[in-house]
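This briefing concerns the pairing of charged side chains in one protein model. Please consult the sequence and the structure shown here before reading the points below.

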Amino acid sequence: MGRHVQNVSIGYRCPNCNDVNSINANRIYNGRLMFACSKCSICGIVPSMAEQDEAYLEFLSMYDDGHVEKVQDLESVIEQEKLVRPLSEIKELISKNNAVSNKLLEEVLKSKQDYIVDFIVLEEPEPEMGHELKFLNIDEGIVSSLTQRNIQRLYKFQEESILQILEGKDVVIVAPTASGKTEAFCIPIVQRISVEATHFSSLRLETKLKRRRVFAVFVYPTKALARDQLPKIKQIANSVGLNVGIFDGDTSQSERELITRGLIPEIIITNFDVIHYHLLHKTRFSRLLRTCKFLVVDEAHVYTGVFGANVHYIIKRLERMASSATKQKLQIIAASATLPNAHEFCSSLFGRELSLIYGKGRKGKINLVIIFPSLHSQRSLMLDILKRLIKASHKTIAFSKSHLGSELLAFYSNKQGNQIRVHRAGLLSSERKSVEDQFRNGKILAISATPTLELGIDIGDVDAIISDIVPVNRLIQRLGRAARTGQEGYAFLALGNDPISQYYKLHPEDYLQDQEIAYTDPTNSFVKEYQVLAMACDKPITIDESSPFQSTLQKLISVGLVQISRGKFVPELGKALDVLWNFSIRGIGSRVDIIFNEKKIGERQMPQAIEELHDQAIYFLGGKRYKVTKLYLESPDNNLEKGSYAKLAAIPGDYPYYTKAIVDEWPTILEVYEQKTVFGIEVRYCSLEILKKVSGYSNIELGQEVTQGTRIYLESPLEFKFITKGLVFRAPKPKNVIESAIDDDDDYLEMSGYHATEHVIIEGSMMITGGSSQDMGGISIGSTGLIFIYDGSIGGNGATRTLYEKLDKAIIRAQRVVSECPCRNESGCPRCTFSYKCGNNNEYLHKHAAIEILNSIVAGEMTRVGEQVPDEKPFV
């Protein structure tokens, strides 16, 4: 029995055989308890209750009512409860996929703690091939360099890309990781530069240095990826006498001098942070960029949300400077992972239409197993698989969607004696490079990573990936890491203790259909103000150029940052640079520096910072935990020399808790952009002001997969106000639940139903939009029925715009999630109504009220938003 369920307690009297100590109590995934007698084999499963003794009394009541029966063995009960799949079905899956002799797969598939949702073998057909290199109109030097790498012919999509780029078309190449996208854009650009440089400037190796100029800018989202791709790009470029230079935050001063004053490269590799900075400050490097004719943006799918909105304007600024110098339109070539809305997204990101080219890559056979952890936690499942893979000497990457998730997985895995290191944003670049080198060289077999390693960094062979739940196209992107060199690979999708996982356990076919949609919002007014101000600093904006930015320029004039002079919009340079100094293109809002031992070790943007770095918060960084001793926030009454910062202190390794903020939020509608009717409810898409207040935190015990903890309140609550975008609607009243209630307070039932509905719709939307839960927040206003769902970024990031367009589908998905959950708890459970982001400790939730509300919406009950937000307690 110990193999099947987690034993909690032994010693209850059996009501059937009267043995005093024969009843064992065992906890199941969603808090339910299984009571079974070791003597007479009676067994019953009791709904989750706060106290185990209370659950035992419920078991006795079930026995008296005839709902407890003898069983042949616990395994049959577990199978009936759909906690594990019958062994006959598992054997059928193994046989169907020819995995009979695979010991690792057999062990995982025959686990007595997990429900195997599906086992699929992915074997894609060979990509369609194009012509041999000698038949393409490219330089013999390029052909020779490719032949040295054993490339005799290209894939069809590479050939198509080359032809369109040579014709001068803007294109976006959409293909999986390691499929050959770099060759698809590098070959034609090098070819065109070679021809143009030779024709116009006689640029070859013997050319005088002063005649050189930059023709192409290749942009990568990370410095590590840029350096990883450099050798490949250099080999192709050098074959025809072109030079390639890399210019970013890690480029030494001597290398910068060589690029800007000496051997000017025809191709520059950089990132958008560098371009933004150097255009703004009119540096010598920015003058080099003015001659570029080609812009390549690799991993374009990364530029979502606020980051994407900033990139949209940085490209406009670069094109503005380059076009005025070259008198030609900048040609844009983008490369992206597989996206269902690649054309729409790239058109928004780049502000123009691009020709779409799809490609496939070659990889070995991949065994994909989708697993639901029935009798232990998601983290325990991932740790168990990780341990098996390391024991079998398989090089493995375990992906988690959050910093905390990756840190906790490594924390527990190291405790088990496994050598594993963390790779995520927020770590020093030297630390991440050390992890990559150790993995590539075989010194470690496992990495616990956030999506940073979804990008195309070459870290050598990868045999297996373990992933928490992500949309299927993101999973495929991660699968591109496994079996890249043709070996058999493994991919384990670990479902979790959440509504989406519960749904996909019951509907695995929907998982393979639901895809992530990339989104950004270039209309973000805050981004636009900063970027138009930066544009004016790059070069004064003429009246002819100003029409798309008129309202923004007037706002900048009104606050004294821009003035009109001689028919141009000219910045008040000193003031403008002060405003732009602390502006991050990856987020908006003031920055909070993280200080340990008087050194800065990280930073967080507002408003997220007050939730993670409040006094006494536990903060994870680099596999270690720290406690925040004090958060200092800059304000008009508190002018800190260092700006806002949080001071951390070390804590003992056995400290038993981590923390989660208790948050209240109050919304105000500023402007309605659009409204429509979904089923019968009026829905408005609008500009919102959000007042966020952190009043305390919950201490959550390490190792406990719960979303509730002991509340502790701060002496001085923290507040932050910001403007964003979102949607609002009024949910119908759950009349039947209210009428059938005997002792419950009507207002409590109603507000708890709305709060649960808000949670479930946000969770349901993740499957429809593919959006990250970090990108959205939600608020339900007391017993009014008003539900707000907003972008978590200042100014908006496009997430709720996507939800607004697909709200009908998200509501239907939410209805199925909560209705199909087997839990019997009034408040629901982590697999239906709970949210790990809940700022109210997952209190004030009512599952059955939420079911009635969602049913009423789908049935077409009509509601209207109204004109004012009532002053009632909000739930988030």
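The model is predicted, and a search of the whole structure finds 42 salt bridges.

- E545 and R320 form a salt bridge in which the closest N and O atoms are 2.7 Å apart.
- This pair ties together parts that are 225 residues apart in sequence, because E545 lies in the loop between strand 22 (541–542) and helix 21 (550–558) while R320 belongs to helix 12 (residues 305–326).
- E545 is partly exposed, its relative accessible area being 27%, whereas R320 is buried at 11%.

**The pair R424 and E407**
- A salt bridge joins the side chains of R424 and E407, with an N to O distance of 2.8 Å.
- The pair links distant parts of the chain, 17 residues apart: R424 is in the loop between strand 18 (420–423) and helix 16 (429–440), and E407 is in helix 15 (residues 403–415).
- R424 is buried, with a relative accessible area of 1%.
- E407 also counts as buried, at 0% relative accessibility.

**The pair R684 and E682**
- The side chains of R684 and E682 meet in a salt bridge, at 3.4 Å from N to O.
- Both R684 and E682 are buried.

**A salt-bridge network**
- A network of salt bridges links R591, D593, K600 and E603.

How values were computed. Residues numbered from 1 in each chain as written. Predicted model: local features only at pLDDT ≥ 70, side-chain atom pairs only at ≥ 80, totals over all residues. Heavy atoms only, no water. Salt bridge = Lys/Arg side-chain N within 4 Å of Asp/Glu carboxyl O. Helix = DSSP H or I, 4+ residues; strand = E, 2+ residues; numbered from the N terminus. Buried < 20%, exposed > 50% of the residue type's maximum accessible area, 1.4 Å probe, protein only.
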